[in-house]
Amino acid sequence: MKLLESKTIHNLARSFAGETQASTRYKFIEYGARNEGFNYLAEVIDKIAFNEFNHGRMFYTYIQEASPKLIENIDITAGYPFREKWNLVENLKLAAEDEEHDRQLYKEFEKTAREEGFEEIANLFAMTASVEECHKKLFLDLYNQFSTDTAYKKNKKIKWKCSTCGYEAELTEAWDKCPLCQAEQGFVMLELRD
């Protein structure tokens, strides 16, 4: 079967559209985090947005390699989330839900690609699904920390580190301003669980 005549080409196009939209939605969340003074959180989210951009790039590459001629259009019908609002904490939860949706979708796309004989593309969907699972866990962890006000306050001493100057101290609570460079608390590196 030729890729251009398959369901897999449509799944690649849907995935490309979804990943590029996710990248942009996460840039909105990053923007909100930065505006609220959570600069390190913004850096974490920016890395996820870049991951999503690269997922889209990989899907796009397979589409482009499907034909030596220009592919003028691949008509797709799919729904994409527009749920995020300007509430940072709620957006972290919604992003986790979006990542789970994508993970499940990519498992379906993987199955279709294997059935159609596109093993390499099936592996791409499988590996991307595993990354989406990691993203989901990270977003849930961030949501839990920020919704319970434990992002910068712990019940035991941990090592806090300033992402601006590298100053470190073991405390139960992150400083309001870095004792060394005076960076705001939002620059303190967050304790993230794998």
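Helices here are DSSP runs of H or I with at least four residues, numbered from the N terminus. The model is a predicted one.

Begin by selecting Glu 116, which sits in the loop between helix H3 (88–115) and H4. Glu 116 is buried and yet takes part in no salt bridge, the nearest side chain of opposite charge being that of Lys 7, 5.8 Å away, whereas a salt bridge requires a side-chain nitrogen of Lys or Arg within 4 Å of a carboxyl oxygen of Asp or Glu. Now show the side chain of Thr 8, which is joined to the side chain of Glu 116 by a polar contact of 2.5 Å. If neighbours within four places in sequence are set aside, the residues in contact with Glu 116 are Met 1, Ser 6, Lys 7 and Thr 8.

Next, select residues 119–147, helix H4, whose 29 residues should span 42 Å at 1.5 Å a residue; the end C-alpha atoms are 41 Å apart, in agreement with that expectation. After H4 comes Asp 149, with a positive phi near 60 degrees.

Finally, select Cys 165 and Cys 178. Colouring by accessibility separates the pair: Cys 165 is partly exposed, at 32% relative accessibility, while Cys 178 is buried, with a relative accessible area of 0%.

Methods: Residues numbered from 1 in each chain as written. Predicted model: local features only at pLDDT ≥ 70, side-chain atom pairs only at ≥ 80, totals over all residues. Heavy atoms only, no water. Buried < 20%, exposed > 50% of the residue type's maximum accessible area, 1.4 Å probe, protein only. Helix = DSSP H or I, 4+ residues; strand = E, 2+ residues; numbered from the N terminus. Expected span 1.5 Å × (residues − 1). Lys, Arg positive; Asp, Glu negative; His and termini not counted. Polar contact = N/O pair within 3.5 Å; in protein donor to acceptor, adjacent residues only side chain to side chain. Contact = heavy atoms within 4.5 Å.
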